[in-house]
Amino acid sequence: QQLFSPTVQRDMLDVFASAGELARGVASSYKQWRALAAELEDLDRTSQEKLRLADLWAFQCKEIEAVAPQLGEDAEHENERRILGNVVRLQESAGAAYAALYDDAHSAVAQLGTALKRLDEVARIDASILEVVASLKSASIGVDEAAHGLRHYVGTLEADPKRLDEVESRLAAIEKIKRKYGATIGEILAFLDQVKSDLATAENSTQRRQEIEKEIARAAAAYESAASKLSTKRREAAARLSQRVERELAALAMEKTRVEIRVEPSGPGTHESDRSGWSEHGSDAIRILISPNPGEEPKPLEKIASGGEMSRVALALKTCTGEHPGKSAGQSASESAGKAAPLTLVFDEVDAGVGGSAAEAVGRRLKKLSRVSQVLCVTHLPQIAGFADHHYSVEKHTVKGRTVAAIEELTPDARTREIGRMLSGERVTPEALRHAEQLIKFAVE
């Protein structure tokens, strides 16, 4: 059944042609060409939308760049706005603090000075108080420095309505773009970078398209060259394989059968711009056609009516190609046999219409195939049965009104008797047994 598949027929021809390296080159070239074609399709699909968005992106860039926000400036302006909006309150509070520390008659500086004078008197009498005196002197220096700092701070406080307006306007501008482009200035700047990138992509799409088209042309030329070489090799191999299969079929009592293996373009047209037939397996459609009888037009394998003919055609093809499951083009059957699970080939009616030397030829070919595959053959010919490694007998019986089939593996003696029966009929003669023994011995040799 697999032989009806165009894929299997193509792979069988490639194996016979030892075209593995060429086939891999074609597959690689096709994948490269297809990837570039897909990129171009995606570019064409998105470029129109990107061009429509380009005006929006340009406006967004212009709006953000007009504000030109800087990282951290919103926090700085917020603090400045609080100060400018509370200058009077700050002046009053800071001035009162300065007076308490330095300016009043009972300021902290004056009180510390008085305390130090008193303690100096104490220290002249009791030196143990010197540590307290040192602490107060340090505190006095700190209070004095703080008072000078407050005086400077109060001097900087000045109502500036114009600057307050400027700060509030700046914060309003930043808040406006925050509502549109991000909750923080960092997010806004990241959005700006993305928009610039999208704009550059949209503006460069035409140039990129031209580059891809050139790359596609080079990849297509490489594919066509590789596919052409593969097609030539396939056509040459197809002619040889057809002749060899015909010779095999002649030995299988189908000497008038004609075999034609067609290698044709797989696309609907032949114009070089038509690439619909391209694939990673090349640009060929492979078909095996058979004409079992003179005067008949060659037909696809699945159109052959006779199951026996189909079995012998399959046997001939398998014999000629040495095909094995998992085997790639250019790999021998013996190499693949050690790397892949064996295939099971079932032949039914392969002996239909044959006998004598033709039956022997069928048996020999089945035996050859059994070296790399498991072969199951249903046969009524002793010449074929004699080549088997294992012989089973299948019989029908009626048990309690129902028909059942029973299968039994035959011992060597039972096998001789069965082949003798196949030779002479129900009555097994001594001559038939001797003939059966000769058949088995001949097949083993």
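A salt bridge here is a side-chain nitrogen of Lys or Arg within 4 Å of a carboxyl oxygen of Asp or Glu. By that rule, Lys180 and Glu63 form a salt bridge, with their closest N and O atoms 2.9 Å apart. Lys180 lies in helix 7 (residues 161-181) and Glu63 in helix 2, so the pair ties together parts that are 117 residues apart in sequence.

A quick word on the ground rules. This is a predicted model, where local features need pLDDT of at least 70 and side-chain atom pairs count only at pLDDT 80 or more, while totals for chains, interfaces and linings use all residues. Residues are numbered from 1 along each chain as its sequence is written, and side-chain values use heavy atoms, with hydrogens and water left out. Helices (H or I, at least four residues) and strands (E, at least two) are DSSP runs, numbered from the N terminus. Buried means under 20% relative accessible area, exposed means over 50%, and partly exposed is in between (1.4 Å probe, protein chains only).

**Salt bridges**

Searching the whole structure turns up 17 salt bridges. Here are three of them, with their N to O distances.

| Pair | N to O distance |
|---|---|
| Lys180 and Glu63 | 2.9 Å |
| Asp74 and Lys178 | 2.9 Å |
| Arg234 and Asp284 | 3.0 Å |

Back to the opening pair: Lys180 is partly exposed at 45% relative accessibility, whereas Glu63 counts as buried at 14%.

Next come Asp74 and Lys178, whose side chains meet in a salt bridge. This pair links distant parts of the chain, with Asp74 in helix 3 (residues 73-84) and Lys178 in helix 7, 104 residues apart. Both Asp74 and Lys178 are buried.

Arg234 sits in helix 8 and Asp284 in strand 2 (residues 284-291), so the pair ties together parts that are 50 residues apart in sequence. Salt bridges that share partners also put Asp14, Arg234 and Asp284 into one network. As for burial, Arg234 has 0% relative accessibility and counts as buried, and Asp284 is buried too, at 13%.

**A buried glutamine**

Helix 2 (residues 20-67) also holds Gln60. At 12% relative accessibility, Gln60 counts as buried. What does Gln60 touch, not counting residues up to four places away in sequence? Its contacts (heavy atoms within 4.5 Å) are Tyr181, Phe191 and Val195.

**Positive phi in two loops**

Most residues other than glycine have a negative phi. Ala253 has a positive one, near 65°, and is found in the loop between helix 8 (185-251) and strand 1 (258-265). Ala253 is partly exposed, with a relative accessible area of 30%.

Lys400 also isn't a glycine, yet its phi is positive, about 55°. You'll find Lys400 in the loop between strand 6 and strand 7 (402-409). With 85% relative accessibility, Lys400 counts as exposed.

**A nonpolar surface patch**

Which residues form a nonpolar patch on the surface? They are Tyr392, Val394 and Ile407, with about 330 Å² of accessible area together. Patches are made of residues with over 30% relative accessible area and no salt bridge; like charges are joined within 9 Å, nonpolar side chains (Val, Leu, Ile, Met, Phe, Trp, Tyr) within 5 Å. The areas come from the Shrake-Rupley method with a 1.4 Å probe, and for residues only the protein chains shown count as cover. Tyr392 belongs to strand 6 (residues 392-399) and is partly exposed, at 43% relative accessibility.
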